[in-house]
Amino acid sequence: MASSRDSTLGDSLIPVINRLQDIFSQVTVDLKLSLPQVAVVGSQSSGKSSVLESLVGRDFLPRGSDIVTRRPLVLQLVKSNSTSNGMTEWGEFLHVPGKLFYEFDKIRQEIQAETDRVVGTNKNVSDKPIRLKVFSPHVLTMTLVDLPGMTKVPVGDQPSNIEARIRDMVLDHIRSPSVIILAVSPANADLANSDAIQLARMVDPDGLRTI
C-alpha cells in the first residue's frame, strides 16, 4: 500500500465529499448528506470574515457595516501544489464552472455579484449557498461554511421575521453531529450573552464540537 508523509486520509476523502456536495446542490431532488465541515457562526460584525480569511491567508470576503453575508458561503479549501496559468493559488465557483479566478479581489466581487443576483442589492437573505473552491499550497484541505450573521432588527427589504429566519438557517447547518461549530464572538462582548454560543448550545449542549 503506497503512502506519503504529505498525504492523509482527509486529503483524498474530502475532495470526494466536496464533489458529492456539489452534485447534490445542483439536482432538484432534496438530497442531503451529513458530511464533515466547519460552520462559522456569529452575530453581525463579530469578526467572522477575519477568522475565515486568516485560515485562507487572503482577503477575499466582502466587508461592510451592515449585513454582508446574505447567503451561506461553502468554502472548499484544497491543498494543492499544482499551478494554473503560472499561478499557485486560484478560486473557482460552482455557478461559473471552468472560469478560474487568480485575483482574490475578483473573488470578492464575484461573491457580491452572485449574492445580489439571487437576493437583490438590498439587505434580504437566502439559504441558497454560494460554493467556492480555493486551491493553494498554503491551506489545509477542509470545508468551511460562512453563515449570515445573526441580527435582531430588520433593515432594507428584510422581512419582519429576519431574526428567526437567520436563526433557523444557522441551526439547519450546525445541527448535524458531523459539523464542527466555530462560534465567533467580539473580544469586547460578554460571552454569556454571545449569540453564537447560545445557538451552539442548542445543538451541542456539552460543547463537544464547539470551538
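Me: How much space lies in the second largest pocket?

Reply: The model is predicted, so local features need pLDDT of at least 70 and side-chain atom pairs count only at pLDDT 80 or more, whereas totals for chains, interfaces and linings use all residues. Residues are numbered from 1 along each chain as its sequence is written, and side-chain values use heavy atoms, with hydrogens and water left out. On a 1 Å grid over the protein atoms alone, a pocket is an open set of points where a 1.4 Å probe fits, with protein on both sides within 12 Å along at least five of seven lines. Points are joined across faces, edges and corners, and a volume is the space filled by probe spheres set on them; for the second largest pocket it is about 250 Å³.

Me: Which residues that line the second largest pocket are the closest to its centre?

Reply: A lining residue has an atom within 4 Å of a grid point. There are 17 residues in this lining, and the closest to the centre are S45, S46, S49, G64 and V68.

Me: How many residues in the lining of the second largest pocket are polar?

Reply: Ala, Val, Leu, Ile, Met, Phe, Trp, Tyr, Cys and Pro count as nonpolar, Asp, Glu, Lys and Arg as charged, and the others, Gly among them, as polar. This lining holds four nonpolar and three charged residues, and the number of polar ones is ten.

Me: Is S49 buried or exposed?

Reply: S49 lies in helix α2; helices (H or I, at least four residues) and strands (E, at least two) are DSSP runs, numbered from the N terminus. Buried means under 20% relative accessible area, exposed over 50%, and partly exposed in between, with a 1.4 Å probe and protein chains only. At 15% relative accessibility, S49 is therefore buried.

Me: Which residues does S49 touch, not counting those up to four places away in sequence?

Reply: Touching, or contact, means heavy atoms within 4.5 Å. With residues up to four places away left out, the partners of S49 are L61, P62 and R63.

Me: What is the volume of the largest cavity?

Reply: A cavity differs from a pocket in that it is a set of points where the probe fits but cannot get out. Searching the whole structure gives one cavity of 30 Å³ or more. The volume of the largest cavity is about 110 Å³.

Me: Which element supplies the largest share of the lining of the largest cavity?

Reply: Of its 13 lining residues, P62, V68, T69, R71 and I111 are the closest to the centre. The lining divides into six nonpolar, four polar and three charged residues. The largest share, three residues, comes from α3.

Me: With which residue does D146 form a salt bridge?

Reply: A salt bridge is a side-chain nitrogen of Lys or Arg within 4 Å of a carboxyl oxygen of Asp or Glu, and by this rule the count is seven. The closest N and O atoms in the salt bridge between D146 and K48 are 2.9 Å apart. Because D146 lies in strand β6 (residues 142–146) and K48 in helix α2 (residues 48–56), the pair ties together parts that are 98 residues apart in sequence.

Me: How far apart are the closest N and O atoms of the salt bridge between D116 and R70?

Reply: D116 is partly exposed at 24% relative accessible area, whereas R70 is buried at 3%. The closest N and O atoms of this pair are separated by 2.7 Å.

Me: Which residues are linked in a network of salt bridges with R71?

Reply: R117 and E114 meet in a salt bridge at 2.7 Å, N to O. Both lie in helix α3, three residues apart, about one turn of the helix. R117 is exposed at 56% relative accessible area, but E114 is buried at 5%. The residues linked with R71 in the network are E114 and R117.

Me: Which residues does S126 touch, leaving out those up to four places away in sequence?

Reply: S126 is in the loop between α3 (104–119) and β5 (130–136). S126 is buried, since its relative accessible area is 12%. The residues that S126 touches are R70, R71, P72, V118, V119 and M169.
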